[in-house]
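Colleague: I have not looked at this structure before. Could you take me through how to read it, one feature at a time?

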Amino acid sequence: MSVLLDVRDLTVRFGLPKPSIFAPRPYLEAVRQVSFTLHAGRALGIVGESGSGKTTAAMAAIRLVAASSGQVLFQGEDLLGLSETEMRARRRDVQLIFQDPYSSLNPRARVADIVREPMDLMGIGTPDERHARVEELFKLVGLRPDQLNLFPHQFSGGQRQRISIARALTTNPRLLVCDEPVSALDVAIQAQILNLLAKLKTELGLSYLFISHDLGVVRHVCDDVAVMYLGKIVEIGDRTQLFDAPQHPYTQALLAAAPSLARRKSRGYVRPLKISGDPPSPINPPKGCAFADRCPKAQQICRSTQPSLAGGAGHQVACHFPGPATEGTAAQI
Amino acid sequence: MSALLQIENLQVTFNTRHGQVTALDSVSLSVNAGETLGVVGESGCGKSITALSVMGLIPMPPGRIAGGSIKLNGEELVGASDARLRGLRGSEVAMIFQEPMTSLNPVFSIGDQIAEAIMLHQNVSYDQAFKDAVALLDRVGIPSPDRRARDYPHQLSGGMRQRVMIAMAVSCRPKVLIADEPTTALDVTVQAQIFDLLNEIQRDFGAAIMLITHDMGAISEMADRVAVMYAGRVIEEASADQVLDTPQHPYARGLIDCIPALGKQETELREIPGVVPPLHMLGQGCAFKARCAHARPRCGTEKPLLRSHGAHPVACHGAEEGWL
């Protein structure tokens, strides 16, 4: 199994306004020393609350956001060291699907033109070949060729997301970055898109970097999962281990919070592990573990020393007191 | 026991450029005190229109309540005067909207906005109303409420804003609380907090809650009873356990099956093909026929009615004749 994307110690820092002209510029670290590996043909899910840095980490990995430090090895080559022109050539291999299928398609362009545009820009094929490719992709994602000349507003949300997927596939990418691809869709339509993504992954041998806050969706699509909190990965591992035996209290809390058909009001369920409040501000992150203030297990050391990722190759956790949830959280999910 | 909120055969139509469409077609629902009714379905099924009808907030024109009745505590709301509806709204029936940022006024502090709601319905001074607002913010779990009451909506996180909306909605202790997708814009951890808060408030105030959602997971955690809506009609209604454990209508089954479950690993999700048809293209027969794997000729000609066939009420020929 070959490594497609190897991200090492990726850090993204955004400058903030200076408090006064002589003061040093304060920084916000949106992504802090994030490392992960994505193997060819696999899907890595990044989960976390809004503001956890999951989108910024993925965007920095494909150079849509400038990284401050770290390395991004794509098929063995460090993307962060490339010039703009060199990077442009690599973009064929990496494409994106966005969250909102309404704002990510040009309302004034016909969908055939929208899907063809990446090939036009990269000079792929002759006009006839491009047209044939658009038709082929339309069928592949489950749209009809007679819909090619319609405008985006004539499609439903799920169909628009299919168009976005077709557009992303035109350049034959190796890696698709999916940023919350189904969170704007109705549940019944979500299933259609998730099945399509699963089919494409097997048929075309694609790899996904899949950003989502919905754990059920991530479990369904991804082979490996990274949980982010305040810019850092707090737990990463194979999906079965991560979902069935989560070690970090934050992962356990996320799993306990996700709505589940197994928890019934009629049976008087009590949420096993609750966390209150919001994550701390990334402008002034706490000295110790970022989750300490919301964590039921927090001790003195958690507030003074940052835990680092540790564990075997298949499952790593950044916590001073890792282990199964105290009140049988995992068992109840 | 008579229901606190009783909707019977509600018929709502809209004039559109495609002609007149029926947004709600003989919808009957009831909610008892202290009970949570979950209303579930995809976008365009009429869930929100049902809520807006109860609040007297259907834009007229183009909308029109063409028939039926909405009774709150025995009082008829259809045809009630605007002044009467204004008096009821906020004090007897209150609503929590989907997007807290667009529902709050950005240029007033949150304490002022809650105080305004209190002063509209209770004969109290501003100072007293503001004090009540602070107490409510404390009740819904906002830290340092006396300082936070002077904050503006943009200074709060999404979860905090939804708490403010809830504080405002319960400020006059309404008998009926309508929550229209109250957690759609929020993270799962915050969603869990809001659900727990709604349940606590229901225990404290004994309010009847109508929870509108498209998520069967939310129904499972929150609802006592469930009404499944499709294309403006209620197609199945029963206790949450009955609907979740033994759904009768193929659409209700589909909504349950298409959720990617946390606890298990399936290879392929069962999907409901297609989309909800536009209301002006419903045609004859069952509105779900084009997406239904079990459809037979009768489904194309005759509209199924909500009836009990042994189990609980369902509007499906297949369930009636046992061919599912």
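Modeller: Start with chain B, which has 13 helices and 12 strands. The radius of gyration of chain B is 21 Å, close to the 20 Å that the globule rule gives for 324 residues, so chain B is as compact as a globular protein of that length. Keep in mind that this is a predicted model.

Colleague: What confidence values go with the prediction?

Modeller: Where pLDDT is low, the predicted coordinates should not be read in detail. In chain B the mean pLDDT is 88, and 98% of the residues reach 70 or more. For the model, ipTM is 0.79 and pTM is 0.85.

Colleague: I would like one residue as an example. Where is B:Gly254 found?

Modeller: B:Gly254 is in helix H11 of chain B, which covers residues 250–257. Leaving out residues up to four places away in sequence, B:Gly254 touches A:Ala188 and B:Ile272. B:Ile272 is 18 residues from B:Gly254 along the chain, and their C-alpha atoms are separated by 5.9 Å.

Colleague: Why is B:Gly254 counted as buried?

Modeller: The test counts neighbouring C-beta atoms, and 20 or more within 10 Å makes a residue buried. B:Gly254 has 22 other C-beta atoms within 10 Å, so B:Gly254 is buried.

Colleague: And is A:Gln300 buried or exposed?

Modeller: A:Gln300 counts as exposed, because it has 10 C-beta neighbours inside 10 Å. A:Gln300 lies in helix H10 of chain A, residues 300–304.

Colleague: Now the sheets. In what order do the 8 strands of the open sheet in chain A stand?

Modeller: The order is E6-E7-E8-E3-E9-E10-E12-E11 in chain A, and the pairing is mixed. Strand E6 (94–97) and strand E11 (310–311) of chain A are at the edges with a single partner strand each, so one side of each has no neighbour in the sheet.

Colleague: Which strands pair with E7 of chain A?

Modeller: E6(A) and E7(A) run parallel and are joined by 4 bridges. In that pair, A:Leu96 stands opposite A:Val177 of E7(A). Strand E7 (residues 175–179) and strand E8 (residues 207–211) of chain A also run parallel, joined by 5 bridges. Two bridge partners in E8(A) are A:Tyr208 for A:Leu176 and A:Ile211 for A:Asp179. Helix H5 (residues 157–169) of chain A lies across E6 and E7 of chain A and runs at about 170° to E6(A).

Colleague: Which way do the residues of E7(A) point?

Modeller: In a regular strand the side chains alternate between the two faces of the sheet. A:Leu175, A:Val177 and A:Asp179 point one way from E7(A), while A:Leu176 and A:Cys178 point the other way. 5 of the 5 residues of E7(A) are buried, so the strand is largely enclosed by the rest of the structure.

Colleague: What is the order of the open sheet of 4 strands in chain A?

Modeller: That sheet has the order E2-E1-E4-E5 in chain A, with antiparallel pairing. Strand E2 (27–39) and strand E5 (77–78) of chain A stand at the edges, each with a single partner strand, so one side of each is without a neighbour in the sheet. Strand E4 (residues 69–74) of chain A pairs with E5(A) over 2 bridges, and A:Leu73 has A:Asp78 as its bridge partner in E5(A). Helix H1 (residues 54–61) of chain A packs on the sheet and touches strand E1 (3–15), E2 and E4 of chain A. The direction of helix H1 of chain A makes about 115° with that of E1(A).

Conventions: Residues numbered from 1 in each chain as written. Chains lettered and ligands numbered in written order. Predicted model: local features only at pLDDT ≥ 70, side-chain atom pairs only at ≥ 80, totals over all residues. Buried ≥ 20, exposed ≤ 12 C-beta atoms within 10 Å, placed from the backbone. Contact = placed C-beta atoms within 7 Å. Pairing = 2+ DSSP bridges. Axes fitted to C-alpha atoms, helices over the stretch in contact; angles between N-to-C directions. Rg over C-alpha atoms; globule rule 2.2 N^0.38 Å. pLDDT = per-residue confidence, 0-100.
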